[in-house]
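Colleague: Can you show me the model we were going to go through? I have some quick questions about it.

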Protein chains: 2
Amino acid sequence: MRSFVEQVIQPNDADWELFEQMLTERTLSRKDHFLQAGEVARHVAFVEKGLVRNYYLKDGNAHSVYFYLEGSMFTDIHSLLTGQPSRYYFEALEDCQLLLIAQTDMERLYAQSAIWERFGRLTMQRQVVVVQEMKNALVFDSPQERYQQLVRQKPRILERVPQHMIASYLGITPVHLSRIRRNLLETGA
Amino acid sequence: MRSFVEQVIQPNDADWELFEQMLTERTLSRKDHFLQAGEVARHVAFVEKGLVRNYYLKDGNAHSVYFYLEGSMFTDIHSLLTGQPSRYYFEALEDCQLLLIAQTDMERLYAQSAIWERFGRLTMQRQVVVVQEMKNALVFDSPQERYQQLVRQKPRILERVPQHMIASYLGITPVHLSRIRRNLLETGA
DNA sequence: CGCATTCCTTAACTTTTGTTAATGCACAGG
DNA sequence: CCTGTGCATTAACAAAAGTTAAGGAATGCG
């Protein structure tokens, strides 16, 4: 967690103490949910260990939005900020150990220390860039290209997430992903 | 501009003065570019009047990313933050009047006044939510649904942007968009 | 060990979307 | 007023992706 934060800012000891007081631990067993649609997100989570899937339901089908490995932070930002019920689910794909910080504490942190406000801003800025790139890939790259990018950029996710969830993350069907993989094996190597 | 900012924070007079000193005006004629691929983004822009298209080139084709109407802010955040050359173009679709603030001034603002740091954080948080929703729509909704959402949510963009640019924004071809529109006319109404 | 479950693959078929090309309309510039 | 250019539509055809269904490997559990 510390190294995650220090990639972005350099808090002094007092800043750290303030922050660490607010952290709580939580464990999730495989298939447990951190958040379900209809609930309001009140915490930001940091993955110490395990793997969390963000997905949502449309017409009874689960669509994967993202996968969070060790060293990632996640929450439903929209729900957290507005207090509206979330439309998303966050589910442990493996047994997980999380560090949580409550939104109310986060606000106190922002108010008390400029460096944490900065942390919030910089984290959000990075997040914008990441999501924007993902969005553009969806418009401009073919499913095969998106799959290849995933292989290159997030091989660890590929190893630990079932293929049908990868497919819905890429915006295609499991059948089609299987075809793409075969095609790559035959032609590419 | 003022009302745009005040939707997010309430700066006092000193805050405002600090901010307004940093603003510069810029006009663009139709088809002028605010930024071209290869250049580094050094300013954030606010659209006072006109309409700006964000697009990029792939295989010689222009793909529209977003359209900024009066009252919107834009820049290439990635280029702005990293100093790397942008991959995007920002082009005036109509004669435009912009307010600019330099990244260097922005940094000074953040350093000098906590409220502007907060403005930055909140703006970015909103942006994350917006882009995330767009991304999810691309994965989970059909082109027709995406077009209908656009009709509902951004009718003003539809009125002022050529249809083939709308198509590339939706991730489909102009021909297909035309088919969708006909289909909606025949069945929907 | 046997059984159920989950998940990946494959095939046959259908639907959706893209491609190419032709037509016609509107509008700007000479 | 004429003409070129850009743009939307349409049709015919091609390619990409989805659907359904079946089979088989791996896994977990009694």
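This is a predicted model: local features need pLDDT of at least 70, side-chain atom pairs count only at pLDDT 80 or more; totals for chains, interfaces and linings use all residues.

Colleague: What rotation superposes chain A on chain B?

Modeller: A rotation of 180°, with 0.0 Å of shift along its axis. The RMSD is 0.0 Å. That is the relation of a two-fold axis.

Colleague: Which residue of chain A comes closest to the rotation axis?

Modeller: Arg121(A), whose C-alpha is at 2.0 Å from the axis.

Colleague: Switching to the DNA. Which residues are closest to DNA strand C?

Modeller: Pro162(A), Gln163(A), Ser178(A), Ile172(B) and His176(B) are the closest, out of 15 residues that surround DNA strand C. The elements that give two or more residues there are α8 (163-170) and α9 (174-188) of chain A, together with α9 (174-188) of chain B.

Colleague: Which element gives the most there, and what is the split by class?

Modeller: α9(A) gives the most to the surface near DNA strand C, with 6 residues. The classes are 6 nonpolar, 6 polar and 3 charged.

Colleague: What about DNA strand D, which residues are closest?

Modeller: DNA strand D is surrounded by 14 residues, and the closest are Ile172(A), His176(A), Gln163(B), His164(B) and Ser178(B). Here α9 of chain A, along with α8 (163-170) and α9 of chain B, are the elements that give two or more residues.

Colleague: Which one gives the most near DNA strand D?

Modeller: α9(B), with 5 residues. The surface near DNA strand D has 6 nonpolar, 6 polar and 2 charged residues.

Colleague: New topic, the sheet in chain B. What is the strand order?

Modeller: The order is β2-β7-β4-β5 (chain B), an open sheet of 4 strands with antiparallel pairing. β2 (33-35) and β5 (61-68) of chain B are the edge strands, each pairing on one side only. From one strand to the next the twist averages 30°.

Colleague: How many bridges are there between β4 and β5(B)?

Modeller: Strand β4 (residues 52-58) of chain B pairs with β5(B) over 7 bridges, in the antiparallel sense. Leu57(B) stands opposite Ala62(B) in β5(B).

Colleague: Which helix lies across those two strands?

Modeller: α8(B) lies across β4 and β5 of chain B and runs at about 90° to β5(B). α8 of chain B is also one of the elements at the surface near DNA strand D.

Colleague: Last one, back to chain A as a whole. How many helices and strands, and what box do the C-alpha atoms fill?

Modeller: Chain A has 9 helices and 8 strands. Its C-alpha atoms fill a box of roughly 60 × 35 × 30 Å along the principal axes. Of its 189 residues, 29% count as buried. Among contacts in chain A with a separation of 6 or more, 72% come from residues 24 or more positions apart.

Note on methods: Residues are numbered from 1 along each chain as its sequence is written. Chains are lettered from A and ligands numbered from 1 in the order in which they are written. Copies are superposed by least squares on the C-alpha atoms of residues with pLDDT of at least 70 in both. A residue is near a molecule or strand if its C-beta atom, placed from the backbone, lies within 6 Å of it. Ala, Val, Leu, Ile, Met, Phe, Trp, Tyr, Cys and Pro count as nonpolar, Asp, Glu, Lys and Arg as charged, and the others, Gly among them, as polar. Two strands pair if DSSP finds at least two bridges between them. Axes are lines fitted to C-alpha atoms, for helices over the stretch in contact, and angles run from 0 to 180 degrees between N-to-C directions. Two residues are in contact if their C-beta atoms, placed from the backbone, lie within 7 Å. A residue is buried if 20 or more other C-beta atoms lie within 10 Å of its own, exposed if 12 or fewer, and partly exposed in between; C-beta atoms are placed from the backbone.
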